[in-house]
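Student: Please show me the sequence and the structure before we talk through them.

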There are 2 protein chains.
Amino acid sequence: MPYPGFQFEVTHRDSHTHARCGRLTTPHGVLETPSFIFCATKGAMKSLTMQQIRESGAEIILSNTYHLYLQPGPGFVQKRGGLHKMMGWDRPMLTDSGGFQIFSLGHGGVANEIKGHRHCSIPKTLLKIDEHGAEFRSYIDGQKKILTPELSIEIQQKLGADLILVLDECTPFHVERRYTEQSMERSHRWAIRSREQFQKSPTPQGLYGIIQGGIYEDLRKRSTQFIAEQDFFGQAIGGSLGGDRQQMYDIVDMTCSMMHPNRPTHLLGIGGIRDLWHGVAQGIDTFDCVHPTRLARHGGALLYPEMAEGKEFISLKNARFAEDTEPVDPTCSCYCCKNFTRAYIHYLFKARELLGGQLLAIHNVAFMMRLVREIRDAIRDGNFREKGRLRGML
Amino acid sequence: MPYPGFQFEVTHRDSHTHARCGRLTTPHGVLETPSFIFCATKGAMKSLTMQQIRESGAEIILSNTYHLYLQPGPGFVQKRGGLHKMMGWDRPMLTDSGGFQIFSLGHGGVANEIKGHRHCSIPKTLLKIDEHGAEFRSYIDGQKKILTPELSIEIQQKLGADLILVLDECTPFHVERRYTEQSMERSHRWAIRSREQFQKSPTPQGLYGIIQGGIYEDLRKRSTQFIAEQDFFGQAIGGSLGGDRQQMYDIVDMTCSMMHPNRPTHLLGIGGIRDLWHGVAQGIDTFDCVHPTRLARHGGALLYPEMAEGKEFISLKNARFAEDTEPVDPTCSCYCCKNFTRAYIHYLFKARELLGGQLLAIHNVAFMMRLVREIRDAIRDGNFREKGRLRGML
């Protein structure tokens, strides 16, 4: 193993799907998979302390290289003893490479387009992208910055998360096949440079390659094989996943079918309830998304569609909850659901009390962790597909 | 005792000052005094869950009748089973009468003037004040509202806090003696009406009278005697306390010297470190102030002046903390001080991460509770004055 201290062991396999349970060993403990990674974007959660997200059940978090690069800077984090120590989190952690933010902010709101959502206008900050790397403008002070594969790895080594990613170009949905292909090939060269940089002075971190190729089966195949041949600890699926949910499932399915069978596999930026069931069925081990915590700040509580009129959440700002004496989720045992009514949470949002968002974030973290525990238990018990169908998820 | 379930027992008296330790028994447990009451203004803390403030050591909180009257309304709270149940707080709680907010907002920022601070401009909402009560405009929807002594008690009975206050006019500093005297006399009549209303259908709550009289010794004397003669469970010192700290100490001193000796005594709206030592020395049992939690949101961490260059706090937003590897307070064992550096907190404020304010609120609550424990221990050990002098506080 070229990644000492790291191991990924598949402990259970589902017989009907590609779902599997695993144990991902890191210097900060073992992560049971499938699991979900919560976003502490700038080295902090937006509304909870690390203690609260741990008490809500979270097992792994991520921070964003792009944001931390710009502020407070990797040297600052290193001086504080690394991200774990600075943030007060002693469990597994992942950092992305910075690619996603540069390109999504750079193209002006492509983040949504990758998932096929409507266009939203974010000022473009990407100045230039070439073989060397990506040049962009800092949203903090307007200064020109450059991110190269080598620098991304250097930064991530200073940040010191357990799982780290190669720099890639996150190709959006609206570009042509030709651009997707060229971008993929450059991302492959960047992956090699990332790996080489990492090898120069290896740190106790597990490096993930990222599979590109957009919505094109042959490109996904080439990218999957390429990443599998390189000496990465893990593999992640990146880039455009199409224009709607079904296309995403199709792309993830075809990609997974060709992937390295023994590496932990991460699906970047996806976090819907149905998406998790489907992703796990296709062989995904970990997911990340800002959705659960961002949704909470906007008044949304995650619920199974059967309890949310077919949607995956209810909006506590809605007037129909003004007198609702039920907990947010009567089946949940989190601090929010055990102690407070929907009416109180509704009131908190009306009165603009931040506590409303905090309580929903506690619930949403607890919900996601209950979801992955349910999925893991089902795989171990041999009834994953059955459970997923009963839930109306598969 | 006309207040079944309530008791106040003085357990220790200091031999050099009027400082005392007490046990204030309420339906939600015993409060050791001297103690400090944290403000959960609208039925929620601004940045912490009740669990967090409890874990930080808080023993009693208060909510504001004025705010809860306007939103979500006392009926809403009553339907949720009262404030305790709605907020998830099962320890002692106090509600004020609403008078302070009506008059301080009404006079346009008088809250600060009472403490002799500079004038700040808050839109005036007080429309009329007469024998019947106070008419004001709701800041929620602009509707005309009226608060009478009877209504304030009715509302507080619905809210269901343990300790409740009579409605008074909180006379500001800038008015003439003649106004202060007339206002005091009306407040006395309101106190009687509040008490009568409470008696109509007594609830398991302890009613406090409020002593007025502004900065005038003879008026304070009359008011103190008047309140002592009425059948209140506790007594609070309200109204203007002068233009500076020394004048406040003088007024509190003269008022305390004349007060009912066996009733729990509250000093309204005061929460400085030095103020607590002085207040306790003069016989005050409980204090409340938004200061500790509001200060935290603005980047301030409470510290003894010896550690804060003579001030009672440090501002973590200050650039001098940008690389400071110390905890906020190296002598503190709260979650914030045990896990994070000043540099990280500084960064959080710079990055506009709310976590910065949350962590400082945890520290400030822990600091205040450590302060009152230190004071209680010193009284019990018979060295209160000595300790206060050593600290440079008395």
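The questions below go through domains, sheets, helix packing and the chain contact.

Student: What kind of model is this, and how are its parts numbered?

Tutor: This is a predicted model, in which local features need pLDDT of at least 70 and side-chain atom pairs count only at pLDDT 80 or more, while totals for chains, interfaces and linings use all residues. Residues are numbered from 1 along each chain as its sequence is written, and chains are lettered from A and ligands numbered from 1 in the order in which they are written.

Student: How far apart do the C-alpha centres of domain 1 and domain 2 of chain A lie?

Tutor: Chain A is divided into domain 1, residues 7-289, and domain 2, residues 298-390; these bounds come from an automatic or database domain assignment. The C-alpha centres of the two domains lie apart by 27 Å.

Student: Which element supplies the largest share of the side of domain 1 of chain A that touches domain 2 of chain A?

Tutor: The contact takes 26 residues from domain 1 of chain A and 23 residues from domain 2 of chain A, where contact means that C-beta atoms, placed from the backbone, lie within 7 Å. On the domain 1 side, β2 (20-26), β4 (35-39), α1 (50-55) and α11 (273-282) of chain A each supply at least two residues. Helices (H or I, at least four residues) and strands (E, at least two) are DSSP runs, numbered from the N terminus. The largest share, 5 residues, comes from α11(A).

Student: How many residues of that side of domain 1 of chain A are charged?

Tutor: Ala, Val, Leu, Ile, Met, Phe, Trp, Tyr, Cys and Pro count as nonpolar, Asp, Glu, Lys and Arg as charged, and the others, Gly among them, as polar. The side of domain 1 of chain A that touches domain 2 of chain A has 13 nonpolar and 10 polar residues, and the charged ones number 3.

Student: Which residue is the bridge partner of H12(A) in β2(A)?

Tutor: Strand β1 (residues 7-13) of chain A pairs with β2(A) in the antiparallel sense over 6 bridges; two strands pair if DSSP finds at least two bridges between them. A hairpin of 6 residues joins β1(A) to β2(A). Within this pair, H12(A) has as its bridge partner C21(A).

Student: What is the average twist from one strand to the next in the barrel of chain A?

Tutor: The barrel closes from 8 strands of chain A, in the order β4-β5-β6-β10-β11-β12-β13-β14, with parallel pairing. One of its pairs is β6 (residues 93-95) with β10 (residues 163-165), parallel over 2 bridges, and there L94(A) stands opposite L163(A). Axes are lines fitted to C-alpha atoms, for helices over the stretch in contact, and angles run from 0 to 180 degrees between N-to-C directions. From one strand to the next, the twist averages 30°.

Student: Which strands are the edge strands of the open sheet in chain B?

Tutor: The open sheet has 3 strands of chain B in the order β7-β8-β9, with antiparallel pairing. An edge strand here pairs on one side only, and this holds for β7 (126-129) and β9 (144-147) of chain B.

Student: Why are α7(A) and α8(A) described as they are, and what is the word for their orientation?

Tutor: Helix α7 (residues 149-159) and helix α8 (residues 177-200) of chain A pack at an angle of about 40°, with their axes 8 Å apart. Angles under 35 degrees count as roughly parallel, over 145 as roughly antiparallel, 65 to 115 as roughly perpendicular and the rest as oblique. α7(A) and α8(A) are therefore oblique.

Student: Which residues of α15(B) meet α14(B)?

Tutor: Helix α14 (residues 342-350) and helix α15 (residues 355-381) of chain B pack at about 135°, with axes 8 Å apart. From α14(B), the contact uses I345(B), L348(B) and F349(B), and from α15(B), L355(B), G356(B), L359(B) and L360(B).

Student: Which element gives the most to the side of chain A that touches chain B?

Tutor: The contact takes 27 residues from chain A and 27 residues from chain B. On the chain A side, α13 (335-339), α14 (342-350) and α15 (355-381) give two or more residues. With 5 residues, the most comes from α14(A).

Note on methods. Two residues are in contact if their C-beta atoms, placed from the backbone, lie within 7 Å.
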